[in-house]
Amino acid sequence: MTIVEQRTHTRYALLRQPVGEFRLHTPTAAHPIKVINDISSSGMRIYLETSLTSRLRVAVEYLEPSLKLEVNGIVAWCATRLRPTDDGDDRGRFIIGIQLLSPMLLMAMSGTY
């Protein structure tokens with residue numbers, strides 16, 4: 001699958017992963033997000049071990065001891081990572097683009113990017 005850039009907002013790579021824990025909730029399961037590749041004011045790109053279908057409704061949850069934040073979104077696309085994961089890279093076999101439906105809440109988190 002060729003990924004064609006469609007995001008109109010500037011992407012920000014995370015300098016470091018946030019202290020808390022991220023999870024992606026689908027209608028049937030919760031998946032730990034180990035790595036957020038980048039984020040913009042309208043979406044994010046993450047790695048997961050699970051393939052997801054386009055247009056699936058999801059919620060991105062962020063948890064830390066004094067904060068819980070949940071942002072709704074839609075899976076925009078999902079592709080198999082080009083690099084093999086047998087070299088100890090445990091970020092996930094799939095890279096997933098998520099369109100955020102309430103992005104300003106996530107962007108408001110201090111220190112995220």
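Tutor: A residue is called buried when its relative accessible area is under 20%, exposed when the value is over 50%, and partly exposed in between, with a 1.4 Å probe and protein chains only. This model is predicted, so local features need pLDDT of at least 70 and side-chain atom pairs count only at pLDDT 80 or more, while totals for chains, interfaces and linings use all residues. Residues are numbered from 1 along each chain as its sequence is written, and side-chain values use heavy atoms, with hydrogens and water left out.

Student: Is Asp38 buried or exposed?

Tutor: Asp38 counts as buried because its relative accessibility is 4%, and its side chain meets that of Arg45 in a salt bridge, at 2.5 Å from N to O. A salt bridge here is a side-chain nitrogen of Lys or Arg within 4 Å of a carboxyl oxygen of Asp or Glu.

Student: Which residues are linked in a network of salt bridges?

Tutor: Such a network links Glu21, Arg23, Glu61 and Lys68. Within it, the closest N and O atoms are 3.1 Å apart for Arg23 and Glu21, and 3.5 Å apart for Glu61 and Arg23. Glu61 lies in strand S6 (residues 57-64) and Arg23 in strand S2, so this pair ties together parts that are 38 residues apart in sequence. Strands are DSSP runs (E, at least two residues), numbered from the N terminus.

Methods: Helix = DSSP H or I, 4+ residues; strand = E, 2+ residues; numbered from the N terminus.
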